[in-house]
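The entries below follow the order in which I went through them.

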Amino acid sequence: MSLNDNGMFQDPAMPAAPGNAATGAMRELAVYPDYEGAQRAVDYLSDQKFPVEYLQIVGHGVKTVEIVAGRMTKGRAALAGAASGAWFGVLIGLLLGIFTPGAFWLSLILVGLLFGALWGAVFGFVGHWATRGKRDFASTRTLVADRYAVMVDSGRHLEAERLLADLR
């Protein structure tokens, strides 16, 4: 992102999103240390009837953070697979049960649950075994930024700045 001749932020590599009324010349309205602060500002402007389609939240200094949840063993992989497979089996049992008269539909759900758990455990175990110990932990990944800037279309900057001053 760079400043153009008018001192406004403009990123030609990142055009406005479809449906976004912004013309492309954006100005920084406010900066927050966390996403929640930027989200709160946009929500406040929305509550004040500001046309939020002229806003963007831009993360600066974006990085990936991986949070390690624990050790992953073949047993845990099989158990996790069994749990997700059981849910899938119940779903299939319910779908088949819709077309089944009488109380037989309950047995379809139970059979779906058991077969789903069995195959889920097999696939979970084999999937983890196939890694050959190269990834013996469970984790989740997320993107975080050092700071979040609320950007506004240059034609709406003064109006947004006036409204946002009441929040601070």
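**Entry 1: Y35.** I began with the contacts of Y35, taking contact as heavy atoms within 4.5 Å. Leaving out residues up to four places away in sequence, Y35 touches I57 and Y148. I note that this is a predicted model, in which local features need pLDDT of at least 70, side-chain atom pairs count only at pLDDT 80 or more, and totals for chains, interfaces and linings use all residues. Residues are numbered from 1 along each chain as its sequence is written, and side-chain values use heavy atoms, with hydrogens and water left out.

I placed Y35 in helix α1, residues 35-47. Helices (H or I, at least four residues) and strands (E, at least two) are DSSP runs here, numbered from the N terminus. For exposure I used relative accessible area with a 1.4 Å probe and protein chains only: under 20% is buried, over 50% exposed, and in between partly exposed. Y35 has 38%, so it is partly exposed. I also checked Y35 against A145: they are 110 residues apart in sequence, and their C-alpha atoms are 8.2 Å apart in space.

**Entry 2: the whole chain.** I counted four helices and seven strands in the protein. Along the sequence I read the pattern β-β-β-α-β-β-α-α-β-β-α. Of the 168 residues, 29% are buried. I then took the contacts with a separation of 6 or more; residues 24 or more positions apart account for 78% of them.

**Entry 3: K49.** I looked up K49 for its backbone: its phi is positive, about 70°, although K49 is not a glycine. K49 lies in the loop between α1 and β4 (55-60). Its relative accessible area is 72%, so K49 is exposed.

**Entry 4: α1 and α4.** I fitted axes as lines to C-alpha atoms, for helices over the stretch in contact, with angles from 0 to 180 degrees between N-to-C directions. The axes of α1 and helix α4 (residues 157-165) come within 10 Å and cross at roughly 100°. Therefore α1 is roughly perpendicular to α4; angles under 35 degrees count as roughly parallel, over 145 as roughly antiparallel, 65 to 115 as roughly perpendicular and the rest as oblique. On the α1 side I found A41, Y44 and L45, and on the α4 side A160, L163 and L164. By class, this contact of α1 with α4 has six nonpolar, no polar and no charged residues. The classes are: Ala, Val, Leu, Ile, Met, Phe, Trp, Tyr, Cys and Pro nonpolar; Asp, Glu, Lys and Arg charged; the others, Gly among them, polar.

**Entry 5: A160.** I went on to A160, which is found in α4. Its relative accessibility is 0%, so A160 counts as buried. Apart from neighbours within four places in sequence, A160 is in contact with L29, L45, F50 and V152. A160 and V42 are 118 residues apart in sequence, with their C-alpha atoms 9.7 Å apart.

**Entry 6: lengths of α2 and α3.** I took the expected span of a helix as 1.5 Å times one less than its number of residues. α2 has 24 residues and reaches 33 Å from its first C-alpha to its last, close to the expected 34 Å. Helix α3 (residues 104-129) has 26 residues, which should span 38 Å at 1.5 Å a residue; I found its end C-alpha atoms 38 Å apart, which agrees.

**Entry 7: α2 against α3.** In α2 (74-97) the buried residues are A77, A78, G81, A82, G85, A86, G89, V90, G93 and G97. They pack against α3. In α3 I found I109, G112, G116, A117, G120, G124 and H128 buried, and what covers them includes α2.

The axes of α2 and α3 come within 5 Å and cross at roughly 150°. Therefore α2 is roughly antiparallel to α3. The residues of this contact divide into 15 nonpolar, 10 polar and one charged.

**Entry 8: G124.** Which residues does G124 touch, not counting those up to four places away in sequence? I found A77, A78 and G81. G124 lies in helix α3, and with a relative accessible area of 18% it is buried. G124 and A78 are 46 residues apart in sequence and 4.6 Å apart in space, C-alpha to C-alpha.
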